[in-house]
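Welcome! Have the sequence and the 3D view open side by side, and let us walk through them together.

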Amino acid sequence: MESINTKHDAEGERVVSETVTEHREEVHIKISEHDKENTLHSAPLQAEESISISWTKLTYTITNKKTKKPENIIENCCGTVKPGEILAIMGPSGAGKSTLLDVLAGRKDPKNVTGTIYLNGKSGENVKFVSTYVMQDDALMGSLTVRENIQFAADLCFPSTISSKERRQKVAAIIKEFGLERVADHKVGNIIIRGISGGEKRRTAIASQFVTHPKIIFLDEPTTGLDSAAAYSVMNAIITTAKMYKLTVIASIHQPSSEVFALFDKLYLISRGGTVYHGSREGALEYFKDQGYECPEHANPADFYLSKINVDFMSDKVVGEAHIQALIGKYKESSAKLLVDKEIDELSVLIDKEDAASDKLSTSTTTQGYNRYARGFFAQTYFITKRSFTNAYRNILLYWIRVAMYVCLALLMGSVWWQVEFDQKNIQDRFSAHFFSVAFLVFMSVAGIPGFLEERVVFRRERADGFYSVGPYALANFIVSIPFVFVIALTFTIVAYPMIGLHSGFNHFMLFLAFLYLALMVAESMVVFVAAVLPIFVVALTIVAFLNGFFMVVQGFFVRRDSIPHGWKWAHYIDYQKYAFEAIIKNDFVGLTFNCDVVEDESTGLSRCACFYGDTSGKSCTFTGQDVLNAFGYTEIKLWLWAVALLGLTIIFRIGFYAALRLRKNRL
Ligand SMILES: Nc1ncnc2c1ncn2[C@@H]1O[C@H](COP(=O)(O)OP(=O)(O)OP(=O)(O)O)[C@@H](O)[C@H]1O
């Protein structure tokens, strides 16, 4: 039997004891008087703000792509969950668990949904504003600590009237409630950092959503991928907190152990989209017994029910289908169903009565007055920038791996092009040094894709939870790239520029750095834009590689601008590499003097100058850098205009990035 007891122990500490099952020891959560201040005074919810959810005749219909006919994925589902109750939605694979959860959470296109969802007995409320949806994947920032991850949620989800000290206290309280104190200051971990365990990760992800004032919590298979002990600790933390704050919890769950199963209050069994049973967890035993299915004494009831409603592996599909339809039919006629209907009616009656008693009713429960975001645009931008900066600083995947690679590349280039001579025969070497500097540096911006994709998973979850809108995120992503891309350009330039022996002088050095930096900013913006449009690593990598290869081809280095076919000229003018390359060759060549070749005249046997550039008579035996640029057709390079072109392209890609994030709202 389950019971929740609250008592005081000898030291005056309140002890909430939850006897979860008779097979299990008591689970104690100790809250000291000090903690009580933090947890209870700053409790995310007041009891009267708790929200019940009920639904009637919920049907979700899709159009079958093959038959082109409508198909019900879930059909005529009715149910109810009150504050403090925990409902498990269970069923075989493909039964419709996730669909039901998504429909209840308002995550499905309303066009495909019929039926009614009531919040505290009222229909037409937006469940998204009062709920949170915990996805299966732990969308956390791996380079941040447990506390930092939860703190971020608290910073964005509480209004500015709550001081930062109070927010920190709330975070400390939820860390305690979820049993994460020991690892609170450990990094969560990613493919490079080892981090905390799977169960702790799941608890951190859930805690960061609990801290945000949800009244209803939807969990999509919260224990998937965890061993039974970790699964129990995750569910126990959820349930204890939910009971403490009277939160309404609905979780789809695959195959819970008997201990995890015993933590739930209510059960929703679904098969082939229809309801096989809904009611109390304990009542299910009796219900199935009445249907002629008695659960053996030592069996896990969850496994037992699932075995009775799973006909996927029956050899005779017709018999299997008939069995499920019979179970669905019996439930419709059952007293368990009547009880659910009564509960739904009672909730509506309650609302009607209260409505009559007070006009003010429901202002606490209605979603009409809810603001989608707790913080304004600038606060959102500030907190996201702060976190992204920490992530970029700590996550070597994002920038540091590239910095290391660029330093190696700069050393390699410097030693191969070492102090390039001012001779005619070295003109090509000089051009290719500039071409390679731009082309390879921007090409390697693809290294930022994995880091961005990791962050994007977190962005999707946080955006869906209403932490912030796309604008602040896109802006923060840009702001953070500014210093880090500068570090990349600077380290490369400091090493490569003097080693190659490019045009000496501070101004020339700075101009080289500036154009390399601007080119990298465009490349970085292009990478995040492509990865936002096509958020699959290999696809994004291929597209970015193709685009950079394409821009190299039409840049005017391999094929002179005049020789580029007319049909490809447009590509030359939108090519960011062209602007950077032309600017740095102008910066290098103009002002330099080069020596012509000295050759022996075959007829006279005397030495003479052979100049390919400038005055080809060879009188001065030298030519200028400007002569070289003229000879190659680089006559119209305007540095400021080329800088504006690079800035413009950066802005265009950044706007594209913003638009891609906005438009991909419900996909991938
Ligand atoms: N948009 C859709 N188009 C076509 N089929 C769909 C769509 N959504 C769901 N389905 C189908 O409906 C059925 C129920 O899907 P759902 O994901 O809800 O099942 P589930 O019980 O959560 O399964 P699992 O436990 O395997 O995740 C599945 O057969 C699924 O393929």
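Predicted model: local features only at pLDDT ≥ 70, side-chain atom pairs only at ≥ 80, totals over all residues.

## A guided walk through the model

Now turn to another helix pair, α5 (residues 198-210) and α6 (residues 228-245). Their axes also come within 9 Å, and they cross at roughly 20 degrees. Angles under 35 degrees count as roughly parallel, so α5 is roughly parallel to α6. The crossing of α5 and α6 is right-handed. From α5, the residues making the contact are G198, G199, R202, R203, I206 and F210, while α6 supplies A230, S233, V234, A237, I238 and T241. The contact of α5 with α6 is made up of six nonpolar, four polar and two charged residues.

Let us step back to the whole chain. The protein is divided into domain 1, covering 47-357, and domain 2, which takes in 378-589 + 638-663. The C-alpha centres of domain 1 and domain 2 are 45 Å apart. Where the domains meet, 20 residues of domain 1 are in contact with 19 residues of domain 2. On the domain 1 side, the elements giving two or more residues are β9 (131-134) and α3 (146-157). Of these, α3 gives the most, with five residues. The domain 1 side of this meeting place has eleven nonpolar, seven polar and two charged residues.

Our last stop is the ligand. Which residues surround the ligand? Look for I62 and I73, then G91, and then the run of S93, G94, A95, G96, K97, S98 and T99. Helix α2 (residues 97-104) contributes the largest share of this shell, three residues. By class, the shell around the ligand divides into six polar residues, three nonpolar and one charged.

Definitions and conventions:
Residues numbered from 1 in each chain as written. Domains from an automatic or database assignment. Contact = placed C-beta atoms within 7 Å. Helix = DSSP H or I, 4+ residues; strand = E, 2+ residues; numbered from the N terminus. Nonpolar A, V, L, I, M, F, W, Y, C, P; charged D, E, K, R; others polar. Near = placed C-beta within 6 Å. Axes fitted to C-alpha atoms, helices over the stretch in contact; angles between N-to-C directions. Parallel < 35°, antiparallel > 145°, perpendicular 65-115°, else oblique. Left-handed = near helix turned anticlockwise from the far one by under 90°.
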